[in-house]
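User: I would like to go through the terms used for this model and see what each one rests on. Please set the values against the cut-offs.

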Amino acid sequence: MGTRTSCRTYQDVTSIHTRIRDGDPDSFRHLFRSHAQIVHRYAVRATGDRSTAEDIVSLTFLEAWRLRARLPEEPDGAKAWLMGIAVNVQRNTNRAARRHEKALARMPAKEAVPDIAGEVVGRMADAEQLTAAKNALGKLRRSEREVVTLCVWSGLSYAEAAEALGVAVGTVRSRLFRARERLRKLTEQELRQHADETAARRPERLHLHLNLNRPNEKWNR
């Protein structure tokens with residue numbers, strides 16, 4: 001019974017993939033509902049910005065529709081294929097953001113725009129540690145960031161991440177090992193730096209507090 005059900009499921013997914021490649025919108029909507037969440041989770045982790053992440057999801061599935069003829073026949077191949085598209089979209093988005101930042105830097109200074117990436121971090125359990133991890137992640141090489149976001153945060157297997165990135169499984173393993181070690185050390189450095197900066201500000205706050213609570217000698221003479 002279980003084997004028969006498994007065979008039916010395999011055939012159903014294979015049939016859906018065939019219809020997608022033939023341009024069936026309803027089947028593509030099924031693909032979107034099945035995988036949009038994992039693409040969004042990856043994009044949020046990779047960018048730290050929910051608005052940008054939503055743009056990446058939209059662009060990923062637009063590109064997937066354009067490239068639908070390349071959708072693998074295997075039922076398990078869709079996730080890695082989509083994540084490979086998402087990685088490329090994120091890279092392009094990141095390059096565009098850097099060009100935008102450089103263009104803004106050449107313009108006259110205006111009122112500072114707040115970084116809303118902190119909104120995402122603030123909703124999580126330990127904001128201080130997660131902020132440190134986010135800053136540390138930004139210091140990794142791009143290849144290291146990608147394996148962390150795919151394998152650790154998006155839950156892809158080594159094989160799926162390798163397919164998404166177009167590299168060997170052994171390359172994913174070695175990159176992830178190095179990335180974890182560097183991320184741990186960089187996060188610890190970020191936390192120590194934050195602690196030192198907090199400690200350095202405390203005397204200033206104490207001095208200000210004492211001044212505010214000290215009677216004004218001019219009016220007490």
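**Contacts, core and charge pairs**

Analyst: Leaving aside residues up to four places away in sequence, Val 39 touches Val 57, Thr 60, Phe 61, Met 83 and Ala 86. Contact here means heavy atoms within 4.5 Å. The model is predicted: local features need pLDDT of at least 70, side-chain atom pairs count only at pLDDT 80 or more, and totals for chains, interfaces and linings use all residues. Residues are numbered from 1 along each chain as its sequence is written, and side-chain values use heavy atoms, with hydrogens and water left out.

User: Which residues of the largest nonpolar core touch the most other members?

Analyst: Val 39, Phe 61, Trp 81, Met 83, Leu 140, Val 148 and Leu 150 do, in a core of 42 residues. A nonpolar core is a set of buried Ala, Val, Leu, Ile, Met, Phe, Trp, Tyr and Cys residues joined through side-chain atoms within 4.5 Å. Among the elements giving two or more residues to this core are helix 2 (25-47), helix 3 (50-66) and helix 7. Helices are DSSP runs (H or I, at least four residues), numbered from the N terminus.

User: What makes Glu 146 buried or exposed?

Analyst: Its relative accessible area is 4%. Buried means under 20%, exposed over 50%, and partly exposed in between, with a 1.4 Å probe and protein chains only. Glu 146 is therefore called buried. Glu 146 is found in helix 7 (residues 142-153) and touches Val 87, Arg 91 and Leu 165, not counting residues up to four places away in sequence.

User: Why is the pair of Glu 146 and Arg 91 called a salt bridge?

Analyst: The term requires a side-chain nitrogen of Lys or Arg within 4 Å of a carboxyl oxygen of Asp or Glu. In this pair the closest N and O atoms are 2.6 Å apart, so the term applies. Arg 91 lies in helix 4 (residues 77-105) and Glu 146 in helix 7, so the pair ties together parts that are 55 residues apart in sequence. The structure holds 10 salt bridges.

User: How do you know that Arg 184 and Glu 181 form a salt bridge, and where do they lie?

Analyst: Their closest N and O atoms are 3.3 Å apart, and both residues lie in helix 9 (residues 169-213), three residues apart, about one turn of the helix. Arg 184, at 40% relative accessibility, counts as partly exposed, as does Glu 181, at 34%. Elsewhere, salt bridges that share partners join Arg 91, Arg 142 and Glu 146 into one network.
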